[in-house]
Amino acid sequence: MRIVACVKHVLRYMSYDSSGRRADRASVPGTINSNDRVAISRALALKSSGGELVCLSMGPPAAEESLLETLAMGADRAVLLCDRALAEADTLATAYPLSLAVKKIGGADLVICGSRSSDSDTGHVAPQLAEMLDLPYLSYVTSFSVEERVVRAERTVDGFVEEIEADLPAVLSVSHHISERDYPSLAGINRAFSSGSVEKWSAADIGADPERVGRKGSPTWVNRIITPEKQRVATIIEDDRTQETARRVLDFLKSRNIMIRDKVRARRDVDTFEL
Amino acid sequence: MIHSNCNGIWIFGDHRNYFQDRVTLQLIARAKELAEVVHTYVGVVLLGWEVDEYVLEYTAHGADKIFLVEDERLRDYSSDLFTAIIADLVREFCPEIFLISGSDFGREIAPRIGARLLTGVSSDCIALQMDDDGNLVQISPAFDGNALAEIRTERTFPQIATVRPGVFTERKHDYRGEAELVRVKPDLSRYREKVRVRSSRKADAPASGLERAECVVCLGKGAARKDQMRKLQDLADLLQAEVGCTRPLVEEGKMDHDRLIGQTGKCVRPELLLVAGASGAVQFTAAIQTSRCIVAVNKDPGAAIFKYCDIGIVGDAASFAGRLAKELKE
Amino acid sequence: MDLTYTAKQRKIKETVRDFAEAEISHENEDGVLTKELMAKMGRLSLFGLQIPEEYGGAALDSVSAALCVEEISRVSASAGLCVSVHNSVSALPLLVHGTDAQKKKYLPDLASGRTIGAFCLTEPNAGSDASSIETRAVRDGDGCFVLNGQKAYVTNGGIAGTCLIFAKTGAGAKASMSVLIAEWGVKGFTRGALEDMCGMRGNPVCSLFFSDAVIPEANLLGKEGAGFRVAMTALDAGRIGIGAQGVGIAQAALDAALKYSGERVQFGKPLSAQQTIQNYLADMATNIEASRMLVFRAASLKDAGKPFTKQAAMAKYFATKTAMEATTLAIQVHGAYGYSKGYLVERYFRDAKVTEIYEGANEIQRLVIARSLLEEQGRTCL
């Protein structure tokens, strides 16, 4: 059984370059997107009953470290799509080369992804990848199992608890509400960073159509990134541990036209009246 | 799709959690405002079975047209069928903008439809505007809610956006309103269901009305003990407020996940929000920003929440809550 | 000489930092080392930092191992101490001086954390004066030693399964110090109550008592009389670990002071805009960086197989002194809030103090450094 896990290398915190539009990747350290870590753990658990796990990512050269970490976690192969031509891509122009890479890997029985990334947080790559591979898409999965070429999964979506299934091959994304986290063992990191290697593929290696990758292949474009300004000027008071503080707050709210004292009183009057 | 004869702002009629989930109505309201700028109509795409009630509601809340696909096989939501049918509808009727609810389902079909039509999709928008060129400016949170990205789909149609629930305000209903009903009857046998739904049942716990609540009390780590939670619940009851919480309380099993306020939880915009014992992590403050008035209580005078509130009290949250309740009962 | 982290070291530092932040309780001081945490630390290979892979360890270099101790100590000095002592003064002497049979028997369980190690030299009457220990191991003529005595303030004592016991063997002129491996469960081996200490309260420190405990000869670590050499191996490596622990504690104090001074407003501006506070922060940061460099230097020399006794002593001395100074300053920056239990800085301060005392009091470290200097001059020391 071959599992391909799609992984995103994200920055550990936010920073801007001089244009104020893009994250300053050069100086900020990166790591595996936390939801993708869950996907990798689940893939490793599945692989334990036999199979191969290939971790795939599209990213800058720095992403190699994250892929080495996937080897440290137990992946068998790691592939990085790294090419200037692929850069500045939106989700459509990311899903497309990923789909070509999956085919070049030789196809997969199960493609597993995270649902959201900590930077762009669209949640689009997994469903769009499924569309491009024309495979069944199981979304927001909290738990799953594979038996005889059928993947069964559980999830809760919009308040509905569901059991779903599909025939392999299929694409699956793990719920972003799962916050558990596994760590690569230090022995694994030592091994992977000493003797592990990440295969690097260019746009040409995967036969990508230049019109469908990079900026050209991206229908959406981020014009700018705004840091929301503080709109509030706070009044800070020390609690004197008496009713006086409570009264001061109620007066403040009243000055802002929030009359909770009156509302509570009115409700109480209604209740007593109905009795 | 690259097509400049596109016309109309479409909304996906996300009806399965109506009456609590009112995002479709919120989107219709905003779409009406945007439609005025580009002089076009607002249409709602409705798929389902026995959905007359929704035709009525959408019309009453401002829809100009309703594109209705009614079939027994569409009684339950199906991502595969809805994606395929809607993509074909879009090809046929060419809307220029397509707004989809930011529900789990909406956030799944939107990118799938976008991939089929090779057009742009933005996600979880908290604001929508029209620019001078008639493009939809889509503003969406990024970097764990630390920043906002301003996104445009420049060359393809439709411009698809999923929108966060609770961001826009629905219009008051007007049952005298009229909308053109367009019945479409596609041949459903053309479409394949790749994922089989073996069972689907509404979760037992009632969905919290956090997103619509006028008054919210939010508990943080500093109010997580049993006695503290009780004091705050008493105050919440008195204020008839919904109770939410920050991530640590969910992780420790003290409150259900549907009470989580934050980046991976709910976004609230009440008249009054009381934040009790939460430090104000960025993922949290991004989800409360549009509240009208925020009262924060925290023992730590350096807590970040004090930069995001209107009035901050340095002290013990539960103790303050108890005294506030006493004051209100008098 | 390259003073930047390799990609591997960066990843190790990042992984242990994320682990420590997420898994180790910041608030629970006394009970921080829960069973769950110990199991997770074991799975991460934190108990087999430099043990070879054949025994289930991570086989890390000494700089990487120091990074691990630093990052754990940053969140919990008590947890950092457990890891450091287990690795450098319990597992390491076994690795260096143990027979193949001993290594096969003890290292796998130590590496996985299934068994925790302890190093037992100090006694009620023998602290810095290690050679005056009174614990005695007498051969019974039947292939065993009979062990009698008491060990005090044993780090990890309350949970240790494999203990290295320093005891006097032989008699009269032939008396010398030897090391015996005592397994918890042996008859005659008991533990005292956990010590109630000012700081480092999460580490289960206690006395160990031996009353006619029978230890097989096969458990002699190194030859009879090799105790001094085993102690030197252990202490040199141990000092690097404690140096790293000091760096971690000091870093935590600096991080707290930085955060607080940026948020606390007095006289119309944040504390961090005041020059006095800026001076404090600058001093803390500089000393921490210097401490870190000393630790890495000692660790690098050790990996290169070069003598590193002097540098290890310098690292321990300077880093722990820095920890004490930085934590004191951190409380000062926090003002009254820093003195209260509601903030973490007072715990960092209490934890820091003992680092100047154990694993060779700083007074001894200075003796070691001076002795090295004098030796290097070609002069014998007194």
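## Domains, a sheet and a chain contact

In chain C, 12 residues of domain 2 meet 12 residues of domain 3. On the domain 2 side of that contact, 9 residues are nonpolar and 3 are polar, with no charged ones. Keep in mind as you look around that this is a predicted model.

Where do these domains sit in the chain? The assignment for chain C puts domain 1 at 7-116, domain 2 at 119-224 and domain 3 at 228-376. Taken over C-alpha atoms, the centres of domain 2 and domain 3 of chain C are 30 Å apart.

Now over to chain B, which has an open sheet of 7 strands. Reading across, the order is E5-E9-E4-E1-E2-E3-E10, and the pairing is parallel. E5 and E10 of chain B are the edge strands: each has a single partner, so one side of each is left without a neighbour in the sheet. From one strand to the next, the twist averages 20°.

| Helix of chain B | Strands of chain B touched | Angle |
|---|---|---|
| H2 (residues 52-60) | E2, E3 and E10 | about 165° with E3(B) |

Between E9 and E10 of chain B there's a loop, and B:Glu178 is found in it.

Finally, how do chains A and B meet? The contact draws on 67 residues from chain A and 72 residues from chain B. On the chain A side, helix H6 (residues 243-255) gives the largest share, with 8 residues. Sorted by class, that side of chain A has 31 nonpolar, 19 polar and 17 charged residues.

Strands pair up between the two chains as well: E12 (residues 220-226) of chain A and E8 (residues 147-153) of chain B are antiparallel, joined over 6 bridges. To find the spot in the structure, look for A:Thr220, which stands opposite B:Thr153 in E8(B).

Conventions:
Residues numbered from 1 in each chain as written. Chains lettered and ligands numbered in written order. Predicted model: local features only at pLDDT ≥ 70, side-chain atom pairs only at ≥ 80, totals over all residues. Pairing = 2+ DSSP bridges. Helix = DSSP H or I, 4+ residues; strand = E, 2+ residues; numbered from the N terminus. Axes fitted to C-alpha atoms, helices over the stretch in contact; angles between N-to-C directions. Contact = placed C-beta atoms within 7 Å. Nonpolar A, V, L, I, M, F, W, Y, C, P; charged D, E, K, R; others polar. Domains from an automatic or database assignment.
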